[in-house]
Amino acid sequence: MMGRFSTHLSQKLFQLSSDEQRDALLKSISNKLVSISLNTHGTRAVQNIIDYLSTRSQVMSLVAGLNLNVFTLIRDLRGQHVIEKCLDHLAPQDNQFIYNAVSTNCLKVATDRYGCCVFQQCIDRGTHSQRAQLVKEVIDNSLILVQDSFGNYVIQHCLDLSNADCTETIVHQFLGNIYALSMQRFSSNVVEKCIRAAGPDEKRAIIDEILADNGVGRLLLDPFGNYVCQTALDYADRGQWDKLVSQIKPILPQIRDKPYGKKIECKISGENNDQMNRGRGFHQRLTGGGMPPKGLHGVSPVPFQQFAPIHRHPSFGWPPYVFMGGYQPNPPVAFRDNFYNPQY
């Protein structure tokens, strides 16, 4: 099963065998399933076996074999595919051995490159009790996981469940550490998601902690904390928004030359950046409509809807009005759509 070519033979053999023959084949390899699953070619053979399981005894033989070292499989590049195949094809009660291994080794699994993917899939595909089993372990270890390069994704996945009780409990684990977490590379993403997903009371508690001791100014100068400040501006209530702005304004001269400085300045000046980035042009913002300015080189304004596409200028490569400063009634469609868009 672990040979480059023999794996195809073994897969076809299992597909064409009777139930009794499959039972015998699985029993004969049950104690070797882990080593086969860790092999480049063997992992495909084991996944094929899972696809063609047809009796209860076959399922039990498979589970008994994988349960010998399921923890190693979860954290392996090839082994994780076997575990994911089990989550896809086996009944929840047959997959309980996976949930037991994940919950028992929560930190080691969630902070592993492949283990964190298995962890998230277990949360998605388990029953209510199985999901609760894993979420409890995540909450208990949340302060460690949130600062890890892979563990933070598990926390974010739990926040994405849209479970108010789960979100509230996770947020309360972070309260008291919001300022420090906001200035770390991985945990700052989780703090942002907490602000977006939390209920009104938890949202206010997070932003109040950011406002404490004039902490906004230090966060704005941090390469990660500034994103938390921007998210806080988007979700703060009116009273908190005013407090945020009062702490941001003295720092604006220091951050104006930074990439995020202009964004923050636009947010607090009341400009609607979202509408600008969706395609409202420069002249639309000035005039409130889709008409070019009047009187440029004596050309009458023509609504954008009347523009028709033309070919690029043979000499310059672009229509001549780009260089002459005038407007013609038929620029190309792509130019029409993008020339006034500030993101181009």
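**Figure 1. A salt bridge joins R75 and D112.** In this predicted model, R75 forms a salt bridge with D112, and the closest N and O atoms of the pair are 3.6 Å apart. R75 belongs to the loop between helix 6 (70-74) and helix 7 (79-89), while D112 belongs to the loop between helix 9 (106-110) and helix 10 (115-125), so the pair ties together parts that are 37 residues apart in sequence. The two partners fall into separate accessibility classes: R75 counts as partly exposed, at 36% relative accessibility, and D112 counts as buried, at 13%. The structure holds 11 salt bridges; two further examples are shown in the next views.

**Figure 2. A salt bridge joins D160 and K193.** The closest N and O atoms of D160 and K193 lie 3.2 Å apart in this salt bridge. D160, at 44% relative accessibility, counts as partly exposed. K193, at 18%, counts as buried, because the buried class extends to values under 20%.

Figure 3. The side chains of E192 and R196 meet at 3.2 Å, N to O. Both residues lie in helix 16, four residues apart, which is about one turn of the helix. An α-helix has 3.6 residues a turn, so residues three or four places apart point the same way. E192 counts as buried, with 10% relative accessibility, whereas R196 counts as partly exposed, with 41%.

**Figure 4. Helix 1 has a buried side and an exposed side.** Within helix 1 (residues 6-16), the residues T7, S10, Q11 and F14 are buried. They cover an arc of only 100° around the axis, and therefore lie on the same side of helix 1. H8, L9 and L16 are exposed on the other side of this helix. The cover over the buried residues of helix 1 includes helix 2 (19-29), helix 4 (42-51) and helix 5 (56-66).

**Figure 5. T7 is a buried residue of helix 1.** T7 has its place in helix 1 and is buried, with a relative accessible area of 3%. Not counting residues up to four places away in sequence, T7 touches M1, H41 and A45.

**Figure 6. F174 is among the residues with the most contacts inside the largest nonpolar core.** This core has 78 residues, and those with the most contacts inside it are I74, I98, F119, F174 and I210. In soluble globular proteins, nonpolar side chains tend to be buried together. Leaving aside neighbours within four places in sequence, F174 is in contact with S142, L143, V146, I155, L181, V190 and C194. C194, one of these contacts of F174, counts as buried at 2% relative accessibility.

Figure 7. N177 is found in the loop between helix 14 and helix 15 (178-182) and is partly exposed, with a relative accessible area of 31%. Leaving aside neighbours within four places in sequence, N177 is in contact with L143 and E209. N177 and I210 are 33 residues apart in sequence, and their C-alpha atoms are 9.9 Å apart in space. I210 is also listed among the residues with the most contacts inside the largest nonpolar core, and L143 is in contact with F174.

Figure 8. C194 counts as buried, at 2% relative accessibility, and C266 counts as buried, at 8%. A disulfide is a covalent bond between the sulfur atoms of two cysteines. The structure holds zero disulfides.

**Figure 9. The whole protein provides the setting for the close-up views.** The protein has 26 helices and zero strands. Of its 344 residues, 44% count as buried. Among contacts between residues at least 6 apart in sequence, 66% join residues at least 24 apart. The protein exposes about 18,000 Å², of which carbon and sulfur atoms supply 52%.

Definitions and conventions: Residues are numbered from 1 along each chain as its sequence is written. This is a predicted model: local features need pLDDT of at least 70, side-chain atom pairs count only at pLDDT 80 or more; totals for chains, interfaces and linings use all residues. Side-chain values use heavy atoms; hydrogens and water are left out. Buried means under 20% relative accessible area, exposed over 50%, partly exposed in between (1.4 Å probe, protein chains only). Helices (H or I, at least four residues) and strands (E, at least two) are DSSP runs, numbered from the N terminus. The arc is that of the directions from the helix axis to the C-beta atoms. Contact means heavy atoms within 4.5 Å. Accessible areas come from the Shrake-Rupley method with a 1.4 Å probe; for residues, only the protein chains shown count as cover. A salt bridge is a side-chain nitrogen of Lys or Arg within 4 Å of a carboxyl oxygen of Asp or Glu. A disulfide is a pair of cysteine sulfur atoms within 2.5 Å. A nonpolar core is a set of buried Ala, Val, Leu, Ile, Met, Phe, Trp, Tyr and Cys residues joined through side-chain atoms within 4.5 Å.
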